[in-house]
Amino acid sequence: MEEKKQHLEANIPTHLYCVVEQSQMEWAIQNILVNAIRYSPSGELIRIALSETHGTIRGEIENTGVRVPDDAIPHLFEAFYRADISRNRNTGGTGLGLYIVHKIMKMHHAKYGISNTSNGVRFWFELPCRQPIDNSI
């Protein structure tokens, strides 16, 4: 982000609770963030938000300044799929990042997706949350 002079805007509450396999979920979110940074032009904004509503945690990562072709969106979570066929391993990765995200989200029974916004591209996911157990007397 620093090299591309991108900006980060984060809206993350102090406490949200949900049951996840932590290392897997970190891997999924890291893949989404790397894509957001990699495919956004210099000077653009990356937004990260987490919220809880009615027992569901919603996460969103949006990157501005770029759009995904509409016909590519249904294929983005397929193994080895790349929206831009000119990318190769030197410029665009292996084509497995979003497939891994798909597998991790499925493992957690999460709802998830990618859509174009008026300013860019947004990845979102929803997980059931639970309150922490209070062992105090």
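Strands β1 and β2 (residues 45-53) run parallel and are joined by five bridges; strands here are DSSP runs of E at least two residues long, helices are runs of H or I of at least four, and both are numbered from the N terminus. Two strands count as paired if DSSP finds at least two bridges between them. This is a predicted model, where local features need pLDDT of at least 70, side-chain atom pairs count only at pLDDT 80 or more, and totals for chains, interfaces and linings use all residues. Residues are numbered from 1 along each chain as its sequence is written, and side-chain values use heavy atoms, with hydrogens and water left out.

**The sheet**
- Five strands make an open, mixed sheet, in the order β1-β2-β3-β5-β4.
- β1 (7-11) and β4 (111-116) sit at the edges with a single partner strand each, so one side of each has no neighbour in the sheet.
- From one strand to the next, the twist averages 10° (axes are lines fitted to C-alpha atoms, for helices over the stretch in contact, and angles run from 0 to 180 degrees between N-to-C directions).

**Who pairs with whom**
- Asn 11 stands opposite Ala 49 in β2.
- β2 and β3 are antiparallel over eight bridges, and Arg 47 has Glu 62 in β3 as its bridge partner.
- The β2-β3 hairpin has two residues between its strands, and His 54 takes a positive phi near 50° there.
- β3 and β5 also run antiparallel, joined by nine bridges; Ile 57 has Leu 127 in β5 as its bridge partner.

- Along the sequence, the pattern reads β-α-β-β-α-β-β.
- Helix α1 (residues 22-39) packs on the sheet and touches β2, β3 (56-64) and β5 (120-128), with its direction at about 25° to that of β3; contact means heavy atoms within 4.5 Å.
- Helix α2 (residues 97-107) lies across β4 and β5, at about 145° to β4.

**The chain overall**
- Of its 137 residues, 30% count as buried, meaning under 20% relative accessible area with a 1.4 Å probe, protein chains only.
- Of the contacts between residues at least 6 apart in sequence, 65% join residues at least 24 apart.

Definitions and conventions: Buried < 20%, exposed > 50% of the residue type's maximum accessible area, 1.4 Å probe, protein only.
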